[in-house]
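Let's walk through this model together, beginning at the ligand and then moving on to the charged pairs. Keep the 3D view open as you read.

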Amino acid sequence: MSTEKLVVIGQGYVGLPLAMRAVEAGMEVTGLDTDSYRIKRLTTGDSFVEDVPADRLGRALASGRYHPTTEYADAEGFDVCAITVPTPLHDGTPDLSFVEQAGAGIGPYLRPGCLVVLESTTYPGTTEELLRPLLESASGLRSPDDFHLGYSPERIDPGNPSWQLENTPKVISGIGPAALARTDQFYRRIVARTVPVGSTRVAELTKLIENTFRQVNIALINELAVLSHDLDIDVWQAIEAAGTKPFGFMPFQPGPGVGGHCLPIDPCYLSWQVKRRLGRQFRFIELANDINHEMPEHVTRRIMAGLNRTGHAVNGARLLLLGLAYKKNTGDLRDSPAVDVAQRLCDLGADVRAVEPYAEPHHLPAGVLIVPLTEQEVRAADAVVVVTDHDVFDYDLVVRHARYVFDARNRCSGPVVERL
Ligand SMILES: NC(=O)c1ccc[n+]([C@@H]2O[C@H](COP(=O)([O-])OP(=O)(O)OC[C@H]3O[C@@H](n4cnc5c(N)ncnc54)[C@H](O)[C@@H]3O)[C@@H](O)[C@H]2O)c1
């Protein structure tokens, strides 16, 4: 059997790990991305995705079976195509333009018997209603008769050392039994366990259930944190204690809000579809979005109150923020609540400095000076704010030398520390 030829459209947080894994599984992989800056970096072995260290990328390039490119023509002759392009919101509405462009771009290269799988997170119905007709009209082929079409949501958790693509069960689906079988055959080479479901809509909804569940539970615990502070009760202790219940409870942690490409966005894909198809509101989602959205404002108010207690106005105060990424141990700044907090503090006239070891320099917010975490910086700050609790930070150093710490992540303790 000849080497299976895979093209992965989109070489970002989802597409690059998939491409690497496929190379390691022996496939010939074209990593296609319209961002020429990213492709240039990949070609020279420079990875921007934390879960793909440079040596792993280097091995893939050295194998001669990984080909980063900006050209759709390089997809010619592919057996399997995985689409991992962004699915953002535009004014609160799903923006499927990247999926449309990817479908139109790859369509002319479809051959009878090939497999196309959408991995981007999206509302139930996208694969059948949007991608299928696009591919059919661009190729002149029909699904399921001439080519296979499937949907398989990505569950990647950037920065998680235990759960990677290969050991996380992968939900798979296809339009028709042959497409499902072909999708299963492909992913069995990539992951340890596949979870076949009955339709692409079920697979699309599965992903949205997972992220909506997290969004709602984080909102619940965030609201609880705000109320517990006003009630003068230590919410962190209560959550830890509740977490000892061996059944029926799953601990979620409060924080400065939610960010990244998933939680602030994916549930809106579901509520948008519910509104569009049923004319009804998905009330849990609306409420959770509101609560999580208000958290950066709440954190800012708490910092102002804390500064006030130590005799400082926020205007003119020197603040040191730890972490700007939306989650720890990653450099992803998309929709980061930490950036929101930083911008609010800048707008209030504070001198905002931040320690952010992971983010790409050109993505960092304007007006915020990036500094290393040193004793001098900590001592000079009127307040140190733990916004994103990267594991590399020396929290002992912070607590030893800071005058006042506002900790939105429960990483510090001591007399100068106030927690969310
Ligand atoms: N990042 C995560 O943790 C995560 C987890 C699960 C699911 N997802 C979903 O996976 C999808 C991709 O997310 P991501 O984080 O990898 O995004 P990303 O922005 O890191 O990567 C997407 C890449 O696609 C490229 N691209 C856009 N349009 C293109 C086109 N027409 N042709 C070729 N390349 C194109 C972009 O240049 C970019 O490099 C989204 O739907 C997201 O919701 C993301």
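The ligand has 28 residues around it, and those that come nearest are Asp33, Arg38, Tyr72, Thr87 and His261. Bear in mind that this is a predicted model. By class, the shell consists of 12 nonpolar, 10 polar and six charged residues. Helix 4 (residues 97-106) gives the most to this shell, with three residues.

A polar side-chain atom of Tyr72 sits 2.7 Å from a nitrogen atom of the ligand. The backbone takes part too: a polar backbone atom of Tyr13 is 3.1 Å from an oxygen atom of the ligand, and a backbone N or O atom of Val85 lies 3.5 Å from an oxygen atom of the ligand. Taken alone, the ligand would expose 830 Å², and the protein buries 94% of that.

Next, the charges. Side chains of opposite charge can pair when their charged atoms come close. Across the whole structure, 33 salt bridges are found. In one of them, Glu129 meets Arg276 at 3.9 Å, N to O. Glu129 belongs to helix 5 (residues 126-139) and Arg276 to helix 9 (residues 266-278), so this pair ties together parts that are 147 residues apart in sequence. With a relative accessible area of 35%, Glu129 is partly exposed, and Arg276 counts as partly exposed at 44%.

Another salt bridge joins the side chains of Arg419 and Asp234 at 2.6 Å, N to O. Arg419 is in strand 16 (residues 417-419), while Asp234 is in the loop between helix 7 (200-231) and helix 8 (235-242), 185 residues apart.

Notes
Residues numbered from 1 in each chain as written. Predicted model: local features only at pLDDT ≥ 70, side-chain atom pairs only at ≥ 80, totals over all residues. Heavy atoms only, no water. Near = heavy atom within 4 Å. Polar contact = N/O pair within 3.5 Å; in protein donor to acceptor, adjacent residues only side chain to side chain. Areas by Shrake-Rupley, 256 points an atom, 1.4 Å probe, with all protein chains shown as cover. Helix = DSSP H or I, 4+ residues; strand = E, 2+ residues; numbered from the N terminus. Nonpolar A, V, L, I, M, F, W, Y, C, P; charged D, E, K, R; others polar. Salt bridge = Lys/Arg side-chain N within 4 Å of Asp/Glu carboxyl O. Buried < 20%, exposed > 50% of the residue type's maximum accessible area, 1.4 Å probe, protein only.
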